[in-house]
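The sequence and structure are shown first.

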Amino acid sequence: MLNSLKLWLRERVLRILGILKWTASVSVTAVILLTLILWTAVFLYGSFYYAYMPQVAHVRNVHLQFSCNTKPGGSRHCSYPAANISLVKPGKNQLLESGQPYSVQLQMQLPESPINQNLGMFMVSIQFYASHGVPVRTASRSAMLHYKSGLLHTLSTLVFSPLLLWGFNEQKQSIDVELFTQYTEDPFKPSIGAYIEVQNRQVEIYSAVLNIKAYFSGIRYFILYWPVTSAIIGIGTNVFFLTLIVLLSWYQFPSSSKNQNDGVQRITFSRQVPELGEQPWRDRQDRNGDNAEDVGAGRLHGEDGWDYVPNRQNPVGTGETSRLTPANESDSSADEDTLLRRRHPPVVQS
C-alpha cells in the first residue's frame with residue numbers, strides 16, 4: 001500500500017513538473033515571438049513614415065542686396081533689393097517632393113519708420129529656376145505696412161517705452177507675403193534655387209526669410225496632425241499581419257514535415273515461425289555458416305532462431321501474415337499448409 005502511494009505521488013509530481021516545464025517553454029517562446037513581432041512592426045512603421053512623409057517645412061534665409069549708381073548732379077539711382085538663394089544642399093538635385101503641394105511665403109521684418117509708413121504698397125516677386133537657370137514658376141504679390149494712426153503710434157510708444165529702452169522690444173512689423181498657395185514641383189524640372197526681388201527702391205527691411213511648408217491632405221494630413229493615433233493604428237496593423245504569418249508558418253511546418261516523412265521508403269519484415277513439432281531453432285554455428293547465402297537471398301537470421309524476410313509490398317500499419325515454416329527448410333516449403341498469425345511487424349525507415 002505504501003509503495004503504491006509512493007508510486008502514485010511520484011507519478012503526480014513528474015506529471016506536474018512536465019506540465020510546468022512545458023508551460024515555461026511555451027511562455028518563453030511566446031514572449032520572444034511577441035517581442036520580435038512588436039519591434040518588427042515598429043521598424044516597418046518607421047520605415048513607412050520615413051519613406052512616405054516628406055519634410056514638413058523648409059526655411060531659407062534671404063539676404064537682400066542692391067547696388068547704387070551716382071548720376072551726374074549728385075543724384076543716386078539704386079536697384080531693387082534682390083536675393084538669389086539655393087534650395088538644394090551640395091550633392092543633391094532636388095528639395096521638394098514631386099506631386100506634393102507646398103505653400104511658399106516670404107516673411108519680412110520692416111521698421112515702422114516714416115519712409116516705410118509713407119511708402120504705400122510695393123511688389124514682391126519670386127522665380128523658381130531649375131538647373132542651368134531654366135525658369136520653372138514665377139509669382140508676384142503686393143505688400144505694405146499695417147496702418148497705424150499718429151495717436152495709436154504715440155500711445156504704443158508710451159506703453160512699451162520701458163521695453164523699448166531696455167531693448168526687449170522694437171518698433172517693427174512682420175509682414176507675411178504668400179507667394180504660392182499650392183506650389184507643385186515639376187518632376188522633369190525640379191527647382192534648385194529661387195530669385196526674390198522687392199520692387200521698391202526706398203523700402204527699408206530688417207530681415208527676410210523664405211518659408212516653404214508642405215500642404216498635406218488625406219493620409220499624410222492624418223499622420224501629421226494625429227501622430228499617436230496613426231502610430232497605434234499602423235503598428236497594430238503590422239502586428240496583426242505579422243502574427244498571422246507566424247501562425248500560418250507554425251501550423252504549416254508540421255504538415256510539411258509529415259508530408260516529407262510520408263515520402264520515405266519503408267521496409268517491413270515478416271517473421272517466420274517454425275511449424276508445430278519442428279525444431280524451433282538452429283544451431284548457431286550452422287546459421288553462421290549459411291548466413292552469407294541467406295543474406296544474398298534476402299533472408300536475415302535472428303539470434304532467437306527465427307528467420308526474417310524483408311517484405312516491401314504490404315503498406316505500413318496494415319499488419320502482416322507470417323507463414324510458419326521450419327528454420328532449416330528451403331524457401332519452397334512456403335507453399336505448404338501453414339498456421340497464419342496476425343502480427344504487427346517492426347518498421348525500418350530508410
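## Aromatic pairs

There are 8 aromatic pairs in the structure, which is a predicted model. One of them joins Phe48 and Tyr52, whose rings are stacked, at 5.1 Å centre to centre and 10° between the planes. Both residues belong to helix α1 (residues 2-52) and sit 4 residues apart, about one turn of the helix.

Phe241, at 46% relative accessibility, counts as partly exposed.

## Aromatic cluster and a charge over a ring

Tyr221, Phe222, Tyr225 and Trp226 make up one aromatic cluster. Arg220 lies over the face of Tyr52, at 4.5 Å from the ring centre.

## Nonpolar core

The largest nonpolar core contains 38 residues. Met108, Phe122, Ile126 and Leu210 are the residues with the most contacts inside this core.

Which residues does Met108 contact, leaving aside neighbours within four places in sequence? They are Phe122, Val124, Gln173, Ser174, Ile175, Val177, Val198, Ile205, Ser207 and Ala208. Phe122 is among these contacts of Met108, and it is also named with Met108 among the core residues with the most contacts.

## Largest pocket

The volume of the largest pocket is about 350 Å³. Its lining consists of 15 residues, and those nearest the pocket centre are Gln55, His58, Lys92, Gln94 and Leu95. Helix α1 and strand β1 (57-62) each contribute at least two residues to the lining.

Phe66 is located in the loop between β1 and β2 (68-70). Is this residue buried or exposed? Phe66 is exposed, as its relative accessible area is 53%.

Phe66 and Tyr80 are 14 residues apart along the chain, and their C-alpha atoms are separated by 6.0 Å. Beyond its neighbours within four places in sequence, Phe66 is in contact with Cys78, Ser79, Tyr80 and Pro81.

Technical notes
Residues are numbered from 1 along each chain as its sequence is written. This is a predicted model: local features need pLDDT of at least 70, side-chain atom pairs count only at pLDDT 80 or more; totals for chains, interfaces and linings use all residues. Side-chain values use heavy atoms; hydrogens and water are left out. Rings of Phe, Tyr and Trp (its six-membered ring) pair if their centres lie within 6.5 Å; planes under 30 degrees apart count as stacked, over 60 as edge-to-face and the rest as tilted. Buried means under 20% relative accessible area, exposed over 50%, partly exposed in between (1.4 Å probe, protein chains only). A charge sits over a ring if NZ of Lys or CZ of Arg is within 6 Å of the ring centre and within 35 degrees of the ring normal. A nonpolar core is a set of buried Ala, Val, Leu, Ile, Met, Phe, Trp, Tyr and Cys residues joined through side-chain atoms within 4.5 Å. Contact means heavy atoms within 4.5 Å. On a 1 Å grid over the protein atoms alone, a cavity is a set of points where a 1.4 Å probe fits but cannot get out, and a pocket is an open set with protein on both sides within 12 Å along at least five of seven lines; lining residues have an atom within 4 Å of a point. Grid points are joined across faces, edges and corners, and a volume is the space filled by probe spheres set on the points.
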